[in-house]
Amino acid sequence: MAYWLFKSEPSTWSWDKQKAKGEAGEQWDGVRNYQARNNMRAMAVGDKGFFYHSQEGLEIVGIVEVSAPAHPDSTTDDPRWECVDIRAVRDVPKPVSLNDIKANSVLAEMVLVKNSRLSVQPVRDDEWAEICRMGGLDPDTI
DNA sequence: GCCAACGTTGGC
DNA sequence: GCCAACGTTGGC
């Protein structure tokens, strides 16, 4: 299984809104960046991801799961843009802030630190486990 | 609100 | 194919 990070401004699409979609989930639409799209194309159903609040909050607040593979983005007629569906799995008990991430040497190579503008990012296994622990979750039970 | 970093566009 | 100009993102 692969791990990812989804970034969203809470004023546009918040963790609360994502959770309100429940098991059905929602398409991660609006991505107009090739790298981010390619990351979504590489996803498999069941892959897990972090849900990060940019602009406000600046912290990882939730765990999501890919519920549908990449498909055309219904918010545009442009065939270049695709997206996956994701659903909320659980809250992160202790949200992990960008400051916490930057302060942890294990996470120094994270895309979130190296290329903060990429909205859909891959997360390495060791990074995933470290952030789960920081957030009060056991990586083996997620 | 500012500005650095990055991606995209378009003229040549 | 290069690169300047421009637009957008996101941390501060």
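Trainee: Which exposed residues does the face of α5 turned away from its buried side carry?

Mentor: This is a predicted model, in which local features need pLDDT of at least 70 and side-chain atom pairs count only at pLDDT 80 or more, while totals for chains, interfaces and linings use all residues. Residues are numbered from 1 along each chain as its sequence is written, and chains are lettered from A and ligands numbered from 1 in the order in which they are written. Helices (DSSP runs of H or I, at least four residues) and strands (E, at least two) are numbered from the N terminus, and a residue is buried if 20 or more other C-beta atoms, placed from the backbone, lie within 10 Å of its own, exposed if 12 or fewer, and partly exposed in between. On that basis, the face of α5 turned away from its buried side carries the exposed residues D125 and D126.

Trainee: Which residues of α5 are buried, and what covers them?

Mentor: The buried residues are E127, W128, I131 and C132. They lie on the same side of α5 because they cover an arc (taken from the directions from the helix axis to the C-beta atoms) of only 130 degrees around the axis. An α-helix has 3.6 residues a turn, so residues three or four places apart point the same way. What covers these buried residues of α5 includes β1, β3, β4, β5 and β6.

Trainee: In what order do the 6 strands of the open sheet run, and which are the edge strands?

Mentor: Two strands pair if DSSP finds at least two bridges between them, and here the pairing is mixed, with the order β2-β5-β4-β3-β1-β6. β1 pairs with β3 in the parallel sense over 6 bridges, whereas its pairing with β6 is antiparallel over 4 bridges. Y3 has K48 as its bridge partner in β3 and V123 as its bridge partner in β6. The edge strands, each pairing on one side only, are β2 (26-27) and β6.

Trainee: Which residues have the most contacts inside the largest nonpolar core, and which residues does F6 touch?

Mentor: A nonpolar core is a set of buried Ala, Val, Leu, Ile, Met, Phe, Trp, Tyr and Cys residues joined through C-beta atoms within 7 Å. The largest one has 33 residues, and F6, M40, F51 and I60 have the most contacts inside it. F51 is also the bridge partner of F6 in β3. Contacts are counted between C-beta atoms, placed from the backbone, within 7 Å, and, leaving out residues up to four places away in sequence, F6 touches W28, G49, F51, Y52, V64, I86 and V120.

Trainee: What is the phi of Q55, and is it positive or negative?

Mentor: Most residues other than glycine have a negative phi. Q55 is found in the loop between β3 and β4 and is exposed, with 11 other C-beta atoms within 10 Å. L58, in that loop, has a positive phi of about 50 degrees although it is not a glycine. For Q55 the phi is positive, near 65 degrees.

Trainee: Which residues are around DNA strand B, and which are around DNA strand C?

Mentor: A residue is near a strand if its C-beta atom, placed from the backbone, lies within 6 Å of it. Around DNA strand B are N33, Y34, Q35, N115 and R117. Around DNA strand C are K7, E9, S54, Q55, L58, L98, S116, R117 and S119.

Notes:
Two residues are in contact if their C-beta atoms, placed from the backbone, lie within 7 Å.
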